[in-house]
Structures are given as structure tokens and as C-alpha cells.
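User: Hi, I'm new to this. Could you show me how to read a helix in a protein model?

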Amino acid sequence: MRGEMMRADRRKLEIAMAQVCMNTEDLQKKAGIPRPTLNGVISGRNVRPGTIGRVAKALGVDVTEILETE
């Protein structure tokens, strides 16, 4: 059984990346996740909470700052 999935808001994610002067390659390396997984996060696909958490941690932001709001 799958747990709750989350989606990143692309615009919020890109703003967070711009604030720390990070491109997708930098973020992928710092978050330690495969490129296809990061592409899924950026494109707004549903991902596990741990994945969003790793991206937020790599950007130095709270996860709520990059989550899609309903």
C-alpha cells in the first residue's frame, strides 16, 4: 500500500532554486536523487514525501515553501 504522495509547485520550486543560484544539475547532486526523479518533482508529478523533503533540504527551505497548494 502506498503512502500519501505530494506535489511540488513548479513556480515555487524554481523561485527557491533561483534564490540559492542553483540549476537542476546542482539540485540533483545536492539532493542525492536520480535525475528522472528530480524531473518528476519539477514537472509536478506525485512523489513520496521523503523525495520532496530531500529537495527542500538541498534548497535550504521548509518543505511547505515548495509544495503545491490545493
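Analyst: Helices (H or I, at least four residues) are DSSP runs, numbered from the N terminus. The model is predicted, so local features need pLDDT of at least 70, side-chain atom pairs count only at pLDDT 80 or more, and totals for chains, interfaces and linings use all residues. Residues are numbered from 1 along each chain as its sequence is written, and side-chain values use heavy atoms, with hydrogens and water left out.

User: Is Thr51 buried or exposed?

Analyst: Buried means under 20% relative accessible area, exposed over 50%, partly exposed in between (1.4 Å probe, protein chains only). Thr51 has a relative accessible area of 10%, so it counts as buried.

User: Which residues does Thr51 touch?

Analyst: Contact means heavy atoms within 4.5 Å. Leaving aside residues up to four places away in sequence, Thr51 touches Ile33, Thr37 and Val41.

User: Which residues of H4 are buried?

Analyst: Thr51, Ile52, Val55, Ala56, Ala58 and Leu59. They cover an arc of only 160 degrees around the axis, so they lie on the same side of H4. That arc is taken from the directions from the helix axis to the C-beta atoms. The cover over these buried residues includes H1, H2 and H3.

User: What about H3, which residues are buried there?

Analyst: In H3 (residues 35–42), they are Leu38, Gly40, Val41 and Ile42. These pack against H1 (10–19), H2 (24–31) and H4 (49–59).

User: And what follows each helix?

Analyst: Just after H3, Gly44 has a positive phi of about 85 degrees. After H4 comes Gly60, with a positive phi near 75 degrees.

Key:
Helices (H or I, at least four residues) and strands (E, at least two) are DSSP runs, numbered from the N terminus.
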